[in-house]
Amino acid sequence: MSHPGRSLADMDRDQWCEHKPVWVGRVAVAACDECGRVDWLSSEGPVDHAEAIAALFGSYDLAGSMQALGAPSPEVLVYVPPSARKRRHLDALPRRAWLKAGPHLWMSTDGEVLLLATTQRQLFENLTRGA
Ligand SMILES: [Zn+2]
């Protein structure tokens, strides 16, 4: 069915949510609580999710794991920012939404801590290594 009376702009609004990038240092994060999608960008173009997460949250300390209802995996990892300045990196993300950060990897925040969830055992072990 066609809708000849509607403009392309109207259709854009209907079909896609707004993904507005937020710059954190040299990485831009476009995280959407409507569809759970995350895009990682730099001034040179798309950035690999692992690299981007390391740039934003690499200094965060793994505080442990917990059971989380409604999370993509039964157990999620809890990361705490080392300083108030680093905590502000969380402001780039919508609160209390599970975002697809990469293949098999989801993240969420309440504005205070970062939660990571993965359905892949190997990735889980990589993330918890060194704790
Ligand atoms: Zn979206």
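Helix α2 has a buried side made up of A52, I53, L56 and F57. Looking down the axis of α2, these buried residues sit within an arc of 100°, so they line one face of the helix. Keep in mind as you explore that this is a predicted model.

**Around helix α2**

- G58 lies in the loop that links α2 (49-57) to β5 (61-67).
- Is G58 buried or exposed? G58 counts as exposed, because it has 11 C-beta neighbours inside 10 Å, and the cut-off for exposed is 12 or fewer.
- G58 and Y79 are 21 residues apart along the chain, and 9.8 Å separates their C-alpha atoms.

- Strands β2 (residues 27-31) and β3 (residues 38-42) run antiparallel and are joined by 4 bridges.
- A31 has V38 of β3 as its bridge partner.
- These two strands, β2 and β3, form a hairpin with 6 residues between them.
- Within that turn you can find G36, which has a positive phi of about 80°.

- The hairpin formed by β3 and β4 has 2 residues between its strands.

Notes. Residues numbered from 1 in each chain as written. Predicted model: local features only at pLDDT ≥ 70, side-chain atom pairs only at ≥ 80, totals over all residues. Buried ≥ 20, exposed ≤ 12 C-beta atoms within 10 Å, placed from the backbone. Pairing = 2+ DSSP bridges. Arc of directions from axis to C-beta.
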